[in-house]
2 protein chains.
Amino acid sequence: MRKTPVCVVGLGLIGGSLMRAAQAAGRDVFGYNRSVEGVEAARFDGYDATTRLDEALTRAAETGALIVLAVPVPALGLMLAHVRSTAPHCPLTDVTSVKGAVLEEVGRAGLLDRFVGGHPMTGTAQSGWTAGDARLFVDAPWVVSVDDHVDPEVWTEVTALALDCHAVVVPARSDEHDRAAATISHLPHLFAEALAATAGEVPLAFALAAGSFRDGTRVAATAPNLVRAMCEANADELLPVLDESLRLLTHARDQLAHHRSVAQLVEAGHSARARYDSFSRPDIVGIAVGAHGWRDELAAAGRAGGVIRSALPNRDSRG
Amino acid sequence: MRKTPVCVVGLGLIGGSLMRAAQAAGRDVFGYNRSVEGVEAARFDGYDATTRLDEALTRAAETGALIVLAVPVPALGLMLAHVRSTAPHCPLTDVTSVKGAVLEEVGRAGLLDRFVGGHPMTGTAQSGWTAGDARLFVDAPWVVSVDDHVDPEVWTEVTALALDCHAVVVPARSDEHDRAAATISHLPHLFAEALAATAGEVPLAFALAAGSFRDGTRVAATAPNLVRAMCEANADELLPVLDESLRLLTHARDQLAHHRSVAQLVEAGHSARARYDSFSRPDIVGIAVGAHGWRDELAAAGRAGGVIRSALPNRDSRG
């Protein structure tokens, strides 16, 4: 069976890597990039790229391509307006790290019924076409949304693309993705910044610093604009988990001041970390895409650590 | 010149390693341990150990040995009372991770004039004589206190022992050591516990967790009783740095809630981490132990990252 063509909108690190990986998997791939430099670099490497968005989207509409939005969040609205007018019936996904905000934009553009959000959880410090790599997604978790509106056929298309890129698919609701990303990525970044900034004011701290300080502040070396972009775009989900962690620390502070004990926080933290260390990643099996309750079942399986490493059956499959 | 003998009080991981390292450096070393098992294990390995504290301290007094207190903090008071009655004129040091509390105990025992606190910043997860290793201190920072009361001759003795163990000596005031240790070790532990505990309550968090979460929670895997012991023993210094970090995080939280910006915290953290990455460890030179203002000069040099890798001249040295 002929694989669905892919139209990549935005040929930066993620979009450019995806173009390479999908073509390596035997797909017809073509793409749009705003800058002439990016397009020329992609063409030089033998890829089919254009600076003309309407040309790319018209071709997507004609070939029934899966459109992948790989532009920064601020550019999404404009891209969606073009998709709406030129290729409204194509299956549509994105690769953005915040899923709730994208869902709202897509809803405003009236394109929800053909949209399934995605987030390949990988990256490097570099950016642009030349930083791309067909192997960027190998074994990386790639979240594919299972929100209530999601169409089984489009979901299967997006999952197939992620698997073609050799990622492992984690099915998740957009809101749960955003809350989890706030907890395991954005909050650790803020904690690292606070640790480093606190130590910066204490004489002798750097002179005695060793392993626990180096580990605890490693991500404070990330470029400030990247840290700001991800924390600020996910503010609605970051605030409640930041509040919860501040509540835990403030309680520990009071216990230490009044009872010279940090027992409660230390026991809770140690026990959670032990659960994380024993967390397993089983393959998700036995769920048919499109069958009754399939979205909730996939969300529950992803929450429990389950991943998809090869295509799931759909409700029409035999056996 | 004959090296000063060493009397090690407590033959656990640190005391036992110190006994091995000092003997390997050509010193006469003898020691006391409370448990028969520890003493028998040390003797089996060819070391001079006894369960009789008075015997060890009498011998220390007769030979003018440097006494090293290597017992847990709760046992210090009892040991100091014995030193006071049997060997009050011997040079005296310790290897405890909290320096202010030890200084107070030593002051109460009336032994300040012969005491210089020490803290070799190393260790393993194991404990007891059998876990010891003559090479435990190689290249490790070993803080030697330069508090106002410190006698130049005793300071030189303690530094010489640390250098015989192949450590690098960081001169520091006890209060500055404790504040720095709170900042670069105890605070990162509490942050790691809070991150892990927060994530433990968020569905999907463990499923998506990657590098920044793993790094940020690594030390939450430490045994809870060890984390509690170090945080609670240093509560007076830990509370102000915990308050400062909570102030930074709470301010960032309010900025994020009201202005959707974490710019201030992120810039401060990134800049502090960059300063840490470029922090150098120059050799301390040009300070004569016992010369006018030597303690303040050494404290300032240690604060600036300076370390001692070979014996400093004393005020009577020529040239």
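How far apart do the C-alpha centres of domain 1 of chain A and domain 2 of chain A lie? In this predicted model, the two centres are 32 Å apart. Domain 1 of chain A comprises 6–172 + 281–303, and domain 2 comprises 178–277, the bounds being taken from an automatic or database domain assignment.

Residues are numbered from 1 along each chain as its sequence is written, and chains are lettered from A and ligands numbered from 1 in the order in which they are written. Local features need pLDDT of at least 70 and side-chain atom pairs count only at pLDDT 80 or more, while totals for chains, interfaces and linings use all residues; side-chain values use heavy atoms, with hydrogens and water left out.

Two packed helices are described by the angle between their axes and the distance between the axes. Here axes are lines fitted to C-alpha atoms, for helices over the stretch in contact, and angles run from 0 to 180 degrees between N-to-C directions. Helices (H or I, at least four residues) and strands (E, at least two) are DSSP runs numbered from the N terminus.

The axes of α11(A) and helix α11 (residues 235–259) of chain B come within 10 Å and cross at roughly 160 degrees. The pair α11(A) and α11(B) is therefore roughly antiparallel (angles under 35 degrees count as roughly parallel, over 145 as roughly antiparallel, 65 to 115 as roughly perpendicular and the rest as oblique). Residues in contact (heavy atoms within 4.5 Å) include Leu238(A), Leu242(A), Asp243(A) and Arg253(A) of α11(A), and Leu238(B), Leu242(B), Asp243(B) and Arg253(B) of α11(B). By class, this contact has 16 nonpolar, two polar and four charged residues, where Ala, Val, Leu, Ile, Met, Phe, Trp, Tyr, Cys and Pro count as nonpolar, Asp, Glu, Lys and Arg as charged, and the others, Gly among them, as polar.

Helix α11 (residues 235–259) of chain A also packs with helix α7 (residues 174–200) of chain B, at an angle of about 130 degrees and with the axes 9 Å apart. This angle makes α11(A) oblique to α7(B), and their crossing is right-handed. Val241(A), Glu244(A), Ser245(A), Leu248(A) and Leu249(A) form the α11(A) side of the contact, and Leu190(B), Phe191(B), Ala194(B), Ala197(B) and Thr198(B) form the α7(B) side. Seven of the contact residues are nonpolar, two polar and one charged.

Within chain A, helix α5 (residues 99–108) and helix α7 (residues 174–200) pack at about 145 degrees, with an axis separation of 8 Å. Lys99(A), Gly100(A) and Leu103(A) of α5(A) meet Ser174(A), His177(A) and Asp178(A) of α7(A). This contact divides into one nonpolar, three polar and two charged residues.

Individual residues of chain A were also examined. His166(A), in the loop between α6 (152–164) and β8 (168–172), is not a glycine but has a positive phi of about 65 degrees. Its relative accessibility of 53% classes His166(A) as exposed (buried means under 20% relative accessible area, exposed over 50%, partly exposed in between, with a 1.4 Å probe and protein chains only). Leu204(A), likewise not a glycine, has a positive phi of about 80 degrees. Leu204(A) lies in the loop between α7 and α8 (205–208) and is buried, at 4% relative accessible area. Ala274(A) belongs to helix α12 (residues 263–277) and is partly exposed at 40% relative accessibility.

Conventions. A crossing is left-handed if the near helix is turned anticlockwise from the far one by less than a right angle, and right-handed if clockwise.
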